[in-house]
Every structure is written in structure tokens, then in C-alpha cells.
Amino acid sequence: MFASTAIGVNLNSDIKKGVFDRFRSLPIARSAPLIGAVAGDVIRFVVAMVVLIGFGSALGFRFGNGPLLGLAACLLVLVFSFCLSWTSVLIGMLVREPGAVQGISFLIMFPLTFGTNMMVPTDTLPGWLQAWVKLNPVTDVMAAARGLMLGGPIAAPVTSTLLWSAALLAVFAPLAYRRRT
């Protein structure tokens with residue numbers, strides 16, 4: 001989740017240094033620098049996932065539902081991360097300073113990541129926090145990944161994750177694209 005904030009900071013730095021203006025003078029599609037940056041971010045997500053799964057395997061983690069569903073869980077998390085990264089892209093396009101991009105992105109990511117049932121069951125949380133956990137899209141991503149990797153409910157959390165991903169992409173990608181091109 002927090003890795004998706006890096007693209008906004010990097011894009012903001014590139015814009016501030018004039019890299020995007022230099023790209024405009026080249027005979028390439030106007031969307032190429034932005035799409036290339038996001039594609040590079042996806043590669044960073046894949047590397048992070050491979051390291052995480054590799055380290056977890058070295059410590060004894062095994063996919064309870066087999067490697068195919070484990071791969072499906074990784075792909076689902078990758079799709080959500082890709083779609084969520086467009087929020088950081090938009091922030092990077094709108095804010096003037098890279099530090100401000102990072103601060104705003106962390107303000108958004110903090111309640112999304114820590115306002116979940118990642119570490120404790122939802123029913124043990126205070127009532128107001130239970131309401132947030134149930135609305136939080138990251139709760140659905142985690143439930144889907146757990147279900148695919150270890151067993152448990154799959155259909156509802158996967159569907160919800162895909163719907164959240166589509167909504168994030170549909171809202172933030174066009175806004176970021178229009179802002180830069």
C-alpha cells in the first residue's frame with residue numbers, strides 16, 4: 001500500500017525538474033511518460049511481492065490452497081495496487097512539492113492500511129472502528145487474499161476488490177491523465 005505513494009512523489013519531482021516538458025518535445029505519445037511511470041511502478045510491486053513471498057516461504061509459509069490460487073491472490077493484490085496508485089499519481093500532478101505529495105498520500109494510506117482487521121478480528125474493535133473496517137476496501141483485499149491463499153470465503157471479497165479497483169481506476173486515472181496531458 002505504501003509503495004503506491006512513491007509514484008506520486010517521483011512524478012512530482014520529474015515535473016518539477018522539467019522531465020515531462022522534455023518528453024513533450026520528443027515524437028512520442030503524450031501519454032507515454034505517464035503510462036511508462038505507472039508500468040514501472042507495477043514492476044516495483046511485482047518485485048516486492050516476489051521478495052515478500054520468497055521470504056515468507058523461507059520462514060515456512062505455504063499456500064493452503066495451492067500455488068495457483070496463491071498466484072491469483074498475488075495478481076488480485078497487484079491489480080488493486082495498480083488502481084490505487086492512480087490516486088498518488090493525481091496527487092503528484094496537483095501538489096507543488098514532493099514532500100507534500102508524500103504527506104498527503106500517507107494521510108490517505110494510513111487509515112486504509114491500519115483501519116482493517118489485519119491484526120485483530122473486527123468484532124473486537126470499538127463500534128466506530130468496526131464501521132470503518134467494514135467499509136474499507138483494503139479489508140476486502142486482505143480477505144480475498146487470505147481466502148485465496150489459505151482458504152475461506154472467496155467470492156464476495158474478490159468481487160468487492162475488483163469493484164473497488166474498477167472504481168479507483170475509473171475515477172483517478174482519467175483525472176490524472178487529463179491533468180498532465
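At what angle do the axes of α1 and α3 cross? The answer is roughly 145°, with the two axes coming within 10 Å; axes here are lines fitted to C-alpha atoms over the stretch in contact, and angles run from 0 to 180 degrees between N-to-C directions. The model is a predicted one, so local features need pLDDT of at least 70 and side-chain atom pairs count only at pLDDT 80 or more, while totals for chains, interfaces and linings use all residues. Residues are numbered from 1 along each chain as its sequence is written, and side-chain values use heavy atoms, leaving out hydrogens and water.

Helices are DSSP runs (H or I, at least four residues), numbered from the N terminus. The α1/α3 crossing is right-handed, meaning that the near helix is turned clockwise from the far one by less than a right angle. On the α1 side, Ala6, Ile7, Asn10 and Leu11 do the touching, and they meet Leu34, Ala37, Val38, Asp41 and Arg44 of α3 (contact means heavy atoms within 4.5 Å). Sorted by class, that makes six nonpolar, one polar and two charged residues; Asp, Glu, Lys and Arg count as charged, Ala, Val, Leu, Ile, Met, Phe, Trp, Tyr, Cys and Pro as nonpolar, and the others, Gly among them, as polar.

Helix α3 (residues 32-58) also packs against α4 (residues 67-94), their axes coming within 10 Å and crossing at roughly 135°. The two are therefore oblique to each other, a label for angles that are not under 35 degrees (roughly parallel), over 145 (roughly antiparallel) or 65 to 115 (roughly perpendicular). This crossing, too, is right-handed. Among the contributors are Phe45 and Met49 from α3, with Phe82 and Trp86 from α4. The tally for this contact is 14 nonpolar, two polar and one charged.

As for charge pairing, there are two salt bridges, each a side-chain nitrogen of Lys or Arg within 4 Å of a carboxyl oxygen of Asp or Glu. One sits inside α3, where aspartate 41 and arginine 44 are three residues apart, about one turn of the helix, with their closest N and O atoms 2.3 Å apart. Aspartate 41 is buried at 0% relative accessibility, whereas arginine 44 is partly exposed at 36% (buried is under 20%, exposed over 50%, partly exposed in between, with a 1.4 Å probe and protein chains only). The other joins lysine 16 to glutamate 97 at 2.5 Å, N to O. That pair links distant parts of the chain, 81 residues apart: lysine 16 in α1 and glutamate 97 in the loop between α4 and α5.
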